[in-house]
Amino acid sequence: MEQSIHSPRRLAGSQAVPGDKSVSHRSLILNAIAAGDATVTGLSDGADVRSTAACLRAMGVRIEPLAEPGSFHVSGPGANLSEPADMLDAGNSGTSMRLLSGLLAGQDFLSVLTGDGSLRSRPMGRVVQPLQQMGAEIMGRNGNTLAPLAIRGGSLRSIEYEMPVASAQVKSCLMLAGLSAAGPTVLQQPALSRDHTERMMTAMGAQVETDGLTLTLHPTELQAVDVAVPGDISSAAFWMVAGLIHPNARVTITGVGLNPSRAGIIDALQMMGAGDALSLENERVEGGEPVADVVASSGSLHGIDLGGDIIPIMIDELPVLAVAACFAEGDTIIRDAAELRVKESDRIATTVSELTRLGGRLEPRDDGMVIHGVGKLSGAAVESHDDHRIAMAMAVAGLAASGDTVIHGAEDASVSYPTFWEHLAALTGAA
């Protein structure tokens, strides 16, 4: 699918983004193995979350839609799932594969996890190795580092594990396995990452202790809880940047989840000088998660040096931040972000290559990039590289670029944001 974009005279309106993808995955997985039933509202309709739901249904979990869009009744068999009759397909979702690996490690049956071509090329050794230390039998391609993964779980032992990367997916995988381990699971993190799993497990009765970067989980039986999924800040980030870089814009994104372990994009944009052009309204707490409406208006940005602890809490937003940096004054340096190399695409290479096509001046580095603020971009043909965030980041660039921008592979946005192009049309007045 090709999508043509040009800069509108004005970018304005109010928009609700899809439910937070991270919270959506966890609301299904944790309630699937909890005692009792739960109602989940605001669930993301993206392909990734649908993959998680399909895998859980294949193991005997009932996930039934309710009358209100995005609302589902979740009823699982508790801690003991049913052995699936076929391979479990995680699609394009690394979250599905890594979290379900931890879940399956604690189940006393054989399962096989696979995914699409992109997912089968992404590193899984980071979860396989510690799960094997806990006693799970796991086999995969390339020395057990690539999917498909064959998992025979059950009878797990506790471990103390020093995580090599700050990854919420790895942490959550090991926490899911740790629920059924014989003793406490202790994780040493190199830096903080998103904490949705800790919050939700605690709400479900788990004993989770944190001491700085050390996390300890005691095995327990979870109790189902209703979850109101907030708006996905990773999706909202596209409209934040679009509002800031367009010369005539005021965009309101309603009901955005502002979990401190996810809100690095707002901190980064404020570091770039967004100021009052990026503000929060109607701040509240819903389902244990901080939520607010985010208002983004035309602003003036400057380059920054971005690295360290902020990177893990905004890793998915770095491609669109690079778009903002193209319109900023001065240079922006992104470092400590080697994790971008192993996402749906090599997001360092693809961000640099596609923004360069639009007239940006970027230099790739092993762990990030340098973006020279040029103050403008020019429309051109760009590629999504089968990556939803690259497709949407290029759309944001096109909203502020001169001339027409044509995005090849625009359909990839549906992985996390099925209504992205409809929302873009509404904000540009083209709907």
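**Entry 1: ground rules.** I am working with a predicted model, where local features need pLDDT of at least 70 and side-chain atom pairs count only at pLDDT 80 or more, while totals for chains, interfaces and linings use all residues. Residues are numbered from 1 along each chain as its sequence is written, and side-chain values use heavy atoms, with hydrogens and water left out.

**Entry 2: aromatic pairs.** I searched the whole structure and got five aromatic pairs. My criterion: rings of Phe, Tyr and Trp (its six-membered ring) pair if their centres lie within 6.5 Å, with planes under 30 degrees apart stacked, over 60 edge-to-face and the rest tilted. I looked at Phe-238 with Phe-420, which is edge-to-face at 6.2 Å centre to centre and 75° between the planes. Phe-238 sits in helix H8 (residues 233–245) and Phe-420 in helix H13 (residues 420–428), 182 residues apart. For these labels, helices (H or I, at least four residues) and strands (E, at least two) are DSSP runs, numbered from the N terminus.

I then checked burial, where buried means under 20% relative accessible area, exposed over 50% and partly exposed in between (1.4 Å probe, protein chains only). Phe-238 is buried at 2%, and Phe-420 is buried at 0%.

Next came Trp-239 and Tyr-417, also an edge-to-face pair, with 6.3 Å between centres and 80° between planes. Trp-239 belongs to H8 and Tyr-417 to the loop between strand S23 (405–408) and H13, so this pair ties together parts 178 residues apart in sequence. Trp-239 is buried at 0%, and Tyr-417 is buried at 1%. I noted one aromatic cluster formed by Phe-238, Trp-239, Tyr-417, Phe-420 and Trp-421.

**Entry 3: nonpolar cores.** Which residues touch the most other members of the largest nonpolar core? A core here is a set of buried Ala, Val, Leu, Ile, Met, Phe, Trp, Tyr and Cys residues joined through side-chain atoms within 4.5 Å. I found Trp-239, Met-240, Leu-269, Leu-318, Leu-321, Leu-355 and Phe-420, out of 78 residues. H8 gives the largest share, ten residues. A second, separate core has 65 residues, among them Leu-113, Ala-177, Leu-217 and Val-227.

**Entry 4: around H11.** In helix H11 (residues 347–357), I listed Arg-347, Ile-348, Thr-350, Thr-351, Val-352, Glu-354 and Leu-355 as the buried residues. They pack against helix H10 (318–326), strands S20 (361–365), S21 (368–372) and S22 (381–383), and helix H12 (388–400). Counting contact as heavy atoms within 4.5 Å, and leaving aside neighbours within four places in sequence, Leu-355 has partners including Ala-322, Cys-326, Leu-362 and Met-394. After H11 comes Gly-359, with a positive phi near 100°.

**Entry 5: H6 and H7.** I found helix H6 (residues 168–178) packing on helix H7 (residues 196–203) at about 25°, axes 9 Å apart. The contact uses Lys-171, Ser-172, Met-175 and Leu-176 of H6 with Thr-197, Glu-198 and Met-201 of H7.

**Entry 6: a loop residue.** Is Asp-386 buried or exposed? I placed Asp-386 in the loop between S22 and H12, and its relative accessible area of 56% makes it exposed. Not counting residues up to four places away in sequence, Asp-386 touches Glu-344 and Asp-412. Its C-alpha atom is 9.4 Å from that of His-408, 22 residues apart along the chain.

How values were computed: Axes are lines fitted to C-alpha atoms, for helices over the stretch in contact, and angles run from 0 to 180 degrees between N-to-C directions.
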